Amino acid sequence: MLDNCEHLTVACATLVSLLAQRCPQLRVLATSREPLSVPGEVICQVLPLPIPEPQLESDVDAALRSDSVRLLLERAQLSRPGCALTLANLPRRDRGLPEPHGIPLALELAAARLRVISLEQIAARVGDHFGLLDAGTRPGPSRQRTMRATLDWS
């Protein structure tokens with residue numbers, strides 16, 4: 001697996017081409033905003049996950065049929081075991097979507113915040129998406145510490 005190849009497209013394409021020549025059965029998964037343009041490349045675009053229809057936003061069972069809500073809840077339960085979706089914390093557009101627009105990275109960052117704040121607190125702070133998703137002094141590259149930095153970098 002090669003991640004974030006868009007910054008090293010030529011080098012990654014060269015590596016993948018060489019590996020493919022030497023190991024014909026090898027499969028490579030590469031993430032990139034740019035195609036590598038190597039023989040045999042198959043491009044799979046990853047779109048935002050669907051979010052609940054507005055008329056279903058007051059129905060927990062209907063919300064759980066939404067891929068974005070399920071991802072948020074699954075990741076939330078890893079950060080905060082026992083976390084459950086209720087009418088009080090159900091993601092809703094009129095509250096600004098604690099489930100950030102179906103973007104998987106934003107959903108992952110929001111769920112990680114549940115180590116320190118509850119879904120209800122997220123719902124109360126959703127007007128400040130970028131502040132909400134700030135991981136503070138998290139280690140790693142600065143571009144990965146906040147949603148704003150990730151979007152600015154990309």
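Tutor: Happy to. This is a predicted model, and its secondary structure comes to seven helices and zero strands.

Student: What makes Asp-67 and Arg-70 a salt bridge?

Tutor: A side-chain nitrogen of Lys or Arg has to lie within 4 Å of a carboxyl oxygen of Asp or Glu. For Asp-67 and Arg-70 the N to O distance is 2.5 Å, so the pair meets the cut-off of 4 Å. These two residues sit three apart in helix H3 (residues 67-79), which means about one helical turn separates them.

Student: How many salt bridges are there by this rule?

Tutor: Two. Arg-75 also forms one with Glu-108, where the closest N and O atoms are 2.9 Å apart. Arg-75 belongs to helix H3 and Glu-108 to helix H4 (residues 104-113), so this pair ties together parts 33 residues apart in sequence.

Student: Why is Arg-75 called partly exposed?

Tutor: Buried means under 20% relative accessible area and exposed means over 50%, with partly exposed in between. Arg-75 has 29% relative accessibility, so it counts as partly exposed. Glu-108, with a relative accessible area of 32%, is partly exposed too.

Student: Which residues make the nonpolar surface patch?

Tutor: Leu-15, Leu-19, Leu-26 and Val-28 make it, and the patch covers about 280 Å². Leu-19 is found in helix H1 (residues 9-22).

Key
Residues are numbered from 1 along each chain as its sequence is written. This is a predicted model: local features need pLDDT of at least 70, side-chain atom pairs count only at pLDDT 80 or more; totals for chains, interfaces and linings use all residues. Side-chain values use heavy atoms; hydrogens and water are left out. Patches are made of residues with over 30% relative accessible area and no salt bridge: like charges are joined within 9 Å, nonpolar side chains (Val, Leu, Ile, Met, Phe, Trp, Tyr) within 5 Å. Accessible areas come from the Shrake-Rupley method with a 1.4 Å probe; for residues, only the protein chains shown count as cover. Helices (H or I, at least four residues) and strands (E, at least two) are DSSP runs, numbered from the N terminus. Buried means under 20% relative accessible area, exposed over 50%, partly exposed in between (1.4 Å probe, protein chains only).
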